[in-house]
Amino acid sequence: MRLTVSADAVRLTIPALALTLLLAAVFWLQPRAMSYIGLNLLFNLAVPIALATIAQMLIMAVNDLDLSMGSFVSFVACVAATFLRDAPLVGTLILAGVVIVYSVLGIVIHLRNLPSIVVSLGMSFVWAGLAVLLLPAPGGQAPDWVRALMTMKPPIAPMAIVASIAIAILAHLIVMRSSLGVVIRGVGGNERSVERAGWSVLATRAGAYGLAGIFAVLAGIALVGLTTSADANIALRYTLLSIAGVILGGGEFIGGRVSPVGAVIGALTLTLAGSFLSFLRISPDWQIGAQGAILIVVLALRLLLNRIESGETGR
Amino acid sequence: MKTLERLSRRPWIWSWVAVFLVWFATIIVTGGASTLGLTQAALTFAAFSIIVGIGQMFVITLGPGNVDLSVPSTMTLAGTVSLKLMDVDNGMILPGLVVAVLIGVAVGLLNYGLIKALRIPPIIATLSMSFIVQSAAIWTNRGLRIKPPGFLAEFTTSGTLGVPNVAIIALLISLGAWFLLERTIYGRWISAIGQSMPAARMAGIPVDGTRFVTYVFCAVLAALAGYLLACFSGGAALNMGSEYLLMSIAVVVLGGTAVAGGDSNVPGIWGASLFMYLVVSMLNTYGLGAGIRLIMTGLIIISVIMLAGGRQPGAR
Amino acid sequence: MTGNGSKAVIEVADAKVSFGAVKALDGVTLAIMPGECLGLVGHNGAGKSTIVSVINGGLTPHQGSICGDGEILARYGINAARARGVRCVFQELSLCPNLTVIENARVLHRHLGGFGWRTRAKEVVERSLDAVFPGHGIASDRTVGDLSIAERQMVEIAMAFSDAGTTPRLIILDEPTSSLDASLADRLLAHIRRFVAAGGSVIFISHILHEILTTANRIVVMKDGRIVAERPAAVWTEQSLVEAMGSVVKGEAHRRKARDLADAPVVVEQTGRGMPFRARRGEIVGLAGLAGHGQTRMLMKLHATASADWLPRRDPAIAFVAGDRRLNGIFELWSILKNLSIASLGDLAVRGVVNSGAETERAGEWKRRIEIRTPDMANRILSLSGGNQQKVLFARALSTRAPVVLMDDPMRGVDVGTKQEVYEIVRQEAAQGRTFVWYSTEMEEVCLCDRVYVFREGAIVAELAGDAVTEENILAASFRAEAA
């Protein structure tokens, strides 16, 4: 068999390389980080970000964009810290309900051909409002089982790493291996031909949104498990972080080109960027800036690689 | 009758109708006691979202996918740096303003530079840029809260003939923006690009130049708003811009500007901005909290886009 | 195959389709029998793609009936066609570029689902690829976007022949060999013969005549929405096919007097693959050939080299009249007035501020000159008929001071009266020294030009001037004969 390096593999190489480089630099600066506890500290907050990134990726797979991710995750965190602890049944029903709301949004966006950016912008106000109603001031408490799950100490690797790998595998199975995943990405790539083959684009979009809702709900629960309490603004940064994570991991805005494994790697890279700076003894002020810079560097590298590739095979 | 009919077809009229409804609803409860105060407060607070919203509107007019997400961080950086430079010295007001504008120019330049150089969608370019600008703001701020020069603090919080000064500035900027949009070649060009980029290119419009100027214009307005807001609130805060990310997009959408691009209007920005503030104060007078206000805002945005989506120009 | 030997797989009877004033199909009756390869030839606008759309269910004819296996199909659509085993390979790519070959097979065959679908899809698509293009060397786990254009086309063709549940019975191939090299094309043709011999049916459209002559059993020639000739393939020759596609000389009355422009200065020039392109001052240069063979791409290139992206030009060098109005022509939200003036605002403004008086006046002038039928130029552009919208686009280009006007097949779907008016204006403007580069899919228009370049497969393959600009010569150059 001849060796073929697909563009997708190239896409995945860059974020993986970026993560490896960052990690190597951290270990070099602070060898003690190369321990169970060190790794756990480094990647502690990666799990909810990775889940939110997967959710955003599902929306982006059908050429849409979700600007409400941050306030939605905050809202879920508030539900988890209140209802899910005090009245598990009601809490579960609420969370199931909002997943359905996500599906309905997909349907409405498709039927009325609305710009997803604006609809999700409106929804971000709605989720934020609901969150404020639930928890006007920071408070609540994570359900014990969630707390126990997130602070579990599995053998060999810390929870953050194990969970990230599990998320990547699960998302990969759903998005890359299952029939539904294929059709979802097909809608992003060439909606007309999917329709011509007799599929319902409406149902596919609803499915993508529903799945995104499930992952975003998991993100909110995981976040509460880590922080123990919640507030209405707890995850507002996730909107931008999740978009950045998808792009970083080799995804694109349009064309259904997404990579779940890449998205998780992207989320890990963004999480690590902050810790890296503190090891360099650069003030944490630049943490957000470093995330932006990594994003730009990765995009520039990708452009460069694409150029080289098309220069070689172009005709 | 005919004027009424023509008026009803203006996309901005609905936001104004809403403004008056909410205004009356509030006045009735307070028994007219705070009419003047309410109006002044509304004008003051709306002024900032008007200035930012106009910039965002120009960018959104460029067509689908064009949004400037770096608006809040630009506001913060411009506010922080200019206050630091002025250092409570009335003599430094002008240099401070110039620096704020220059920051806007620089951010706009870098934004479009990224869009072109990396061939990435504007959302991602302005998003990455906003991370860096936000960091720069945090770094310059260092938790210090420097007071604005006395004259500026006085100017931004007071009014002339009962009209808040910031609202007058917003009005001047709006008039300028309206003139640009309606009367100049540049206004035609951005509208054309927003309707169809290929068609604009084939009609001989310098597409890149026009888009570049628009991104710079938006960033400059954001910087200006940051400068004024920092002076108004007695010092720059790191999160002072964050509210304006979604707000700037929301007022554009509520104001009747086509989200698909190509069609924008200045009066709508005023209506939507006033409305956003008045809803808050109305719900406050009715004793309802921030949660309900946010939910209502969201629902209103969604219903506006649902209604507007129904009469898409392309659908005939 | 099933025992319906003598009944047509699909039979279209007296189908009529019209788009506005244009009759795309004017009473076509066509039956495709099992075990036959039907060759379909014709020039632009003959109705080939329309009849294909009718057969694959994408288009319901306004009149006429469709029968399958002897029974009338009342509700015929894309899904019904697929269920009957009708498959179509479109000229445009219909695969999802972000998915692998296997995943595309999954999307195409709805009933492949369930656990282990990957293995089944892989088997289906690889079996078909091996059958059609033995030794193809395409790994089925590669992403379609990473494949070369030829490989994509191979995959697309193999998908059409693939069998997963519904057996393919009628396969429509529209220019399937356009990006395949000779040996791949031969393999495809061989497979078509095998497929037909096994009882399948194929409709085969190609601009390479010897492919049709050697592969088809029966060849149908279309022109102006009608079938003008239908004979067994053995009776046809390349020569007789080209003759049948042409018509009795018409439009000779419009012929302009041959002008001697040899001394006029060259204003546009471009070299690329094939013959060089050159246009002189005051000349009307035609671009001919089958649609999609590189004409529009060249116009875009000419436009891009002469227009600025960053700074406005003081003197516009080139103007463009769009053919695809919705894509790159009109601004839908605007009035007629604004649509007309957008390209010449530089002349109507002082220091960037538009002088609305001058703008209205200029628009009024053109409304009279080109007879735009509207009560008020402030009306929305979409309130105009297609022909009048096209006139506005002409006025937009002609009202600039640009010395060169590019026209991208602007007369598609325009009524006859409007056409004549525009021809007259083009002639006047050319006489005053303007250069026109005119891509047209209509023979009548091409014959109005001083000089014509014929395109085939992305390059200029022939230059015809003066009396040599005839339908026969253009057809001969557009369709590749074996010798060429």
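Here are a few friendly notes on this predicted model.

1. On conventions, residues count from 1 along each chain as its sequence is written, with chains lettered from A and ligands numbered from 1 in the order in which they are written. Because the model is predicted, local features need pLDDT of at least 70 and side-chain atom pairs count only at pLDDT 80 or more, while totals for chains, interfaces and linings use all residues.

2. Chain A has 15 helices and zero strands (DSSP runs numbered from the N terminus: helices are H or I, at least four residues; strands are E, at least two). Its radius of gyration, 20 Å, is close to the 20 Å from the globule rule for 315 residues, so chain A is as compact as a globular protein of that length (taken over C-alpha atoms; the rule is 2.2 Å times the number of residues to the power 0.38).

3. Buried residues make up 57% of the 315 in chain A (buried means 20 or more other C-beta atoms within 10 Å of the residue's own, with C-beta atoms placed from the backbone).

4. Helix α9 of chain B (residues 185–195) is largely enclosed by the rest of the structure, because ten of its eleven residues are buried. Among them are W189(B), I190(B) and I193(B). The buried residues of α9(B) pack against α3, α8, α10 and α11 of chain B, together with α11 and β16 of chain C.

5. In chain C, strands β11 (266–270) and β12 (277–280) run antiparallel, joined by four bridges (pairing takes at least two DSSP bridges). E269(C) sits opposite R278(C). The hairpin has six residues between its strands, and G274(C) in the turn has a positive phi of about 80°.

Key. Buried ≥ 20, exposed ≤ 12 C-beta atoms within 10 Å, placed from the backbone. Contact = placed C-beta atoms within 7 Å.
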